[in-house]
Amino acid sequence: MDNTDAVMALAALAQEHRLAVFRLLVQAGENGMAAGSIAEALGVPNSSLSFHLAQLRRAGLIRQERRHRSLVYRADYAAMNALVGYLMENCCGGAACDADSACEPAPATHSKRKSA
């Protein structure tokens, strides 16, 4: 990942509805969700949702698949992990992190969490 890709991904997430969509898709897992189900879960009109989904797709954060008559969306975990990795690159100035540092991984709070 480079600066341009990171800025594009962060810009896509820097909007309330898009962040909510992305978080919902992360929670949905590999099965993803149909656009109608996303709109219903978040209370976002279909016309607005289409715009937000397109922004997230353009940033490479989600994938779209046609399943019969529905468009199904899922989070792109590899892209999410690349973004987090880019943000954490050279954590602690390349030195080994001590137990009190910000680089110490947070305790797992959700057993189904994808790696980040």
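A surface patch here is made of residues with over 30% relative accessible area and no salt bridge; like charges are joined within 9 Å, and nonpolar side chains (Val, Leu, Ile, Met, Phe, Trp, Tyr) within 5 Å. L10, L87 and M88 form one such nonpolar patch. This is a predicted model, where local features need pLDDT of at least 70 and side-chain atom pairs count only at pLDDT 80 or more, while totals for chains, interfaces and linings use all residues. Residues are numbered from 1 along each chain as its sequence is written, and side-chain values use heavy atoms, with hydrogens and water left out.

**The nonpolar patch**

- Together, L10, L87 and M88 have about 270 Å² of accessible area. Such areas come from the Shrake-Rupley method with a 1.4 Å probe, and for residues only the protein chains shown count as cover.
- L10 sits in helix α1, residues 3–13. Helices (H or I, at least four residues) and strands (E, at least two) are DSSP runs, numbered from the N terminus.
- L10 counts as partly exposed because its relative accessibility is 38%. The scale calls a residue buried under 20% relative accessible area, exposed over 50%, and partly exposed in between (1.4 Å probe, protein chains only).

**Salt bridges**

- Side chains of opposite charge can pair when their charged atoms come close.
- The whole structure holds three salt bridges. Each needs a side-chain nitrogen of Lys or Arg within 4 Å of a carboxyl oxygen of Asp or Glu.
- R63 pairs with D76, with the closest N and O atoms 2.7 Å apart. This pair links distant parts of the chain, 13 residues apart: R63 is in strand β2 (residues 62–67), and D76 is in the loop between β3 (70–75) and α5 (77–88).
- D76 is buried, at 9% relative accessible area.
- E65, R67 and R74 are linked in a network of salt bridges.
- R74 is buried, at 16% relative accessible area. R67 is partly exposed at 33%, and E65 is partly exposed at 31%.

**Helix crossing**

- The axes of α1 and α5 come within 10 Å and cross at roughly 115°. Axes are lines fitted to C-alpha atoms, for helices over the stretch in contact, and angles run from 0 to 180 degrees between N-to-C directions.
- That angle makes α1 roughly perpendicular to α5. Angles under 35 degrees count as roughly parallel, over 145 as roughly antiparallel, 65 to 115 as roughly perpendicular and the rest as oblique.
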